[in-house]
Amino acid sequence: MQTVTLPLSPQQQSDLGTARPLFWANPQRSEDAAVATVVEGRGISLADVRGAQARFQRFAPLLAQLFPELQAEAGRIESALVAVPDMQRALEIPSSQGSLWIKADHSLPVAGSIKARGGIHEVLEFAESLALEHGLVTLDDDYSVLAEAPARALFSRYQVAVGSTGNLGLSIGVMASALGFRAAVHMSADAKEWKKARLRARGVEVVEHTGDYASAVAAGRRNADADPYCYFVDDERSLSLMLGYSAAALHLQAQLEAAGLRVDASHPLFVYLPCGVGGAPAGIAFGLRQLYGPHVHPIFAEPTQSPCFLVEMLAPGASVYDVGLTNRTEADGLAVPQASELAAQAMRPLLAGVYTVPDDRLFADLHRLRETEGMRIEPSAAAGFSGPGMLLGTDAGRAYLKQHKLEALMPDATHLVWTTGGLFVPPEEYARFAERGAALAA
């Protein structure tokens, strides 16, 4: 039974309650090119995005030493920008409505998902603060020294912990253990077994909980509060996580320019971002807005049973349970009942909208991507592919285009789907995904 009524149209309210796909346009979005972003009383800007990028650069020599897969990229953790015309045809997106591209975070090294950005950034920021405090480095030093005995002895005194459905835990557990921290990941019941096994193989303590994502986070937070040597990465409240994700915008800017893709008043950029608790898509959307102002249109994608960010935008403090939904989805990384208030606060003036997608569509699009482009992703990473169709094919989506005077610009638009995970999915698990997707797409 629904206990919270959201300010939606009657049709949208019906679609939400019966777990049918819907598109919601954000009425609070600002078209001001210089709109300020304030999070918990602190203004954040492009300088903060560049600060996160600079931290990644300082650690790059150390990361290349710790992870052989990063040596060819000199310690840089990045993904490709890929045109996918065959997938565009499979999705029946007319070329008259723009071109379809993928930002391929499903293939990010080290952690195998978008969480490599925010999760790794926060671990690096904590390690850097300890190293600076104890005189092991200055900001101008070669951070490779942090692989040596004095740093490892320091880091081993501390535990880094997190609550996760899987991918954030992988990124934090892998990086923390590589640096020499003790690492613990509190995992919810819907976390995949292969993700737990991968963490344990890295020496990470996996603490299993019978409840959902929020329960795992709360348990991890309680344990950390009782231990002065435990640093808890709080996905619901962390600005460091969000800024780590935001640094992706700077590399994407260079990639768009290299591909000849303009983003300006005549060339809108629509970015479709799978959304769980909200930190990752909010960070990326914030970074892109700093670069492109109102010419970028971030749109979040959520499962029909777990639209926690949509609920938070409409009724702050409410969860998906409060609107009669189950939070049950095969998209484990998106199975979150309540969104980050911090992320929602940042997105109120910036977000274009949110749409929901059923699990069957995730698997069908996973299959289409494999068939058309040879890419392997996990179900949650497929959430973005519904975006162009929801924008172009729903009344609410078309109303958004009309309101913002975008209809005549669509032939020169770029639709960018952010694929968020899949690199480390075991072959047998992916085969199950692909089989289900093939049956649904037939």
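Biologist: What makes strand 5 (residues 99-104) largely enclosed by the rest of the structure?

Modeller: Buried means under 20% relative accessible area, exposed means over 50%, and partly exposed lies in between, with a 1.4 Å probe and protein chains only. Five of the six residues of strand 5 are buried, so the strand is largely enclosed. This is a predicted model, in which local features need pLDDT of at least 70 and side-chain atom pairs count only at pLDDT 80 or more, while totals for chains, interfaces and linings use all residues. Residues are numbered from 1 along each chain as its sequence is written, and side-chain values use heavy atoms, with hydrogens and water left out.

Biologist: How do you know that strand 5 pairs with strand 13 (residues 414-419)?

Modeller: Two strands pair if DSSP finds at least two bridges between them. Strand 5 and strand 13 have six bridges in the parallel sense, so they pass that test. Leu100 has His415 as its bridge partner, and Ala104 has Thr419. Strands themselves are DSSP runs of E with at least two residues, and helices are runs of H or I with at least four, both numbered from the N terminus.

Biologist: And what makes strand 4 (residues 81-83) a partner of strand 5?

Modeller: Three bridges join strand 4 to strand 5, and the two run antiparallel. Val82 is bridged to Ile102 in strand 5.

Biologist: Why is strand 13 called mostly covered?

Modeller: Six of its six residues are buried. Thr414, Leu416 and Trp418 point one way, while His415, Val417 and Thr419 point the other way. Strand 13 also pairs with strand 10 (residues 269-274) in the parallel sense over four bridges, with Val271 opposite Leu416.

Biologist: In the open sheet with the order 8-7-6-9, what makes strand 8 and strand 9 (230-233) edge strands?

Modeller: The four strands of this sheet have parallel pairing. Strand 8 and strand 9 each have a single partner strand, so one side of each is left without a neighbour in the sheet. Neighbouring strands here are turned by 20° against each other on average, direction ignored. Strand 6 (residues 159-164) and strand 7 pair over six bridges, including the one from Gln159 to Arg182.

Biologist: Helix 9 (residues 239-246) and helix 11 (residues 279-292) cross, but why is helix 9 called oblique to helix 11?

Modeller: Axes are lines fitted to C-alpha atoms, for helices over the stretch in contact, and angles run from 0 to 180 degrees between N-to-C directions. These two axes come within 7 Å and cross at roughly 55°. That makes helix 9 oblique to helix 11, because angles under 35 degrees count as roughly parallel, over 145 as roughly antiparallel, 65 to 115 as roughly perpendicular and the rest as oblique. Met242, Leu243, Tyr245 and Ser246 in helix 9 meet residues of helix 11, among them Gly279, Ala280 and Phe286.

Biologist: How would you class the angle of helix 4 (residues 115-133) to strand 9?

Modeller: Helix 4 lies across strand 6 and strand 9 and runs at about 150° to strand 9, so the angle falls under roughly antiparallel.

Biologist: What covers the buried residues of helix 7?

Modeller: The cover includes helix 6 (167-179), strand 7 (182-187), strand 8 (205-208) and helix 17 (427-441), with contact meaning heavy atoms within 4.5 Å. The buried residues of helix 7 (residues 193-201) are Trp194, Lys195, Lys196 and Leu199. Gly203, which follows helix 7, has a positive phi near 85°.
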